[in-house]
Amino acid sequence: MTNNNMSKAAQIIREGGLVAFPTETVYGLGANALDPYAVAKIFALKERPSFDPLIVHIASFDDLEQLTSGTGENVVRLAKHFWPGPLTIVLPKSDKVPDIVTSGLPTVGIRMPDNPTALELIRSSGCPIAAPSANKFGQLSPVSASHVKKQLPNVDYVLDGGATSVGIESTIVSIEGDTCQLLRPGFITQEDIEQAFPGTFVFNQSKPEKLVSPGLLKSHYSPKKPLYILNEAGKSLPEASGLILHSATNNAYTAGKVIYTSQTGNMVEVAANLFAALHTMEEDAHVKNIFIEPVVEKGLGMAIMDRVKKAAYQYNNHTN
Ligand code: TXA
Ligand code: MG
């Protein structure tokens, strides 16, 4: 069922059901974050391993206080600066948050999405909403309602808010005192945080030791066809190839089907159109192999290449 009946969607959340909804990043698969039985349905429908914790979506700063314990002044300033927006902050959780949401971790990831439909759903439901991306575990992230229905046809309800604007998942940071660790790169970069709060946070560059974020899974966000990252200029591609480029000036390659995520190499456009391009190639019966141009791993390019490398992981050469 796809509709824009907000009161129906909110009722489903209140009654312990699942609603897929748009955010500015990707579509989420939502349940009442305070109801462990409802949250369990998310893991079942997504076929998601129970060790992978969920992000809790809120619509008011009061909820930040309610769901966390001992939030410092800097965290509140950080949240107020970037929220609503694509930044998830991992903080010590309060007793209100069921263990299933955090996969037993003592911390919870929280964000306030910058999307009117998402915010209205949270407000109308009257509870914070736990939501991972609304895809099957490991598959491409959904950036439209039809992507959600392709992978999760049995979801109770899909709120259709059109295509998402940012197109890749939120940046995830964990904060302990003044130490900030980037767990997943996203639209908001380390430089954005440093510029907004000069000298406030010390960035811990070491990789977390245990698996605390999907950012550490090597394979993720994958299409159901082989995906290769282009690495040799002018190479001719096999027949039945789909090619994803990021600028119309790149004409070193030809292929049966070409999709440009941007005409000009604009990274914001590339991010916004990346998953939609991969979905289109996945759905096209004439495309057997997908090739994608890499981007420079700087600023937003870091988050884009993080997704591309994980999507292509099984098909590229690795040293580790
Ligand atoms: O943009 C987004 O973040 C989207 C939209 C729907 O909000 N959500 C999303 O959720 O990408 P998901 O579940 O696909 O990725 C969230 C990741 C999890 O895989 C998890 O590892 C990490 O956030 N995470 C959640 N809580 C955490 C915690 N307490 N500590 C470390 N990582 C956490
Ligand atoms: Mg996901």
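**Close-up views of helix packing and salt bridges**

Glutamate 283 is partly exposed, with a relative accessible area of 47% (partly exposed lies between buried, under 20%, and exposed, over 50%, with a 1.4 Å probe and protein chains only). The model is predicted, so local features need pLDDT of at least 70 and side-chain atom pairs count only at pLDDT 80 or more, whereas totals for chains, interfaces and linings use all residues. Residues are numbered from 1 along each chain as its sequence is written, and side-chain values use heavy atoms, with hydrogens and water left out.

**View 1. Lysine 150 and glutamate 283 meet in a salt bridge.** The N to O distance is 2.6 Å, a salt bridge being a side-chain nitrogen of Lys or Arg within 4 Å of a carboxyl oxygen of Asp or Glu. Lysine 150 lies in helix H7 and glutamate 283 in helix H9, so the pair ties together parts 133 residues apart in sequence (helices are DSSP runs of H or I with at least four residues, strands runs of E with at least two, numbered from the N terminus). Lysine 150 is partly exposed, at 32% relative accessible area.

**View 2. Aspartate 52 forms a salt bridge with arginine 48.** The closest N and O atoms are 3.4 Å apart; aspartate 52 is buried, with a relative accessible area of 6%, and arginine 48 also counts as buried, at 12%.

**View 3. Lysine 136 forms a salt bridge with glutamate 47.** Here the closest N and O atoms are 3.7 Å apart, and the pair links distant parts of the chain, 89 residues apart. Glutamate 47 is exposed, with a relative accessible area of 54%.

How values were computed
Chains are lettered from A and ligands numbered from 1 in the order in which they are written.
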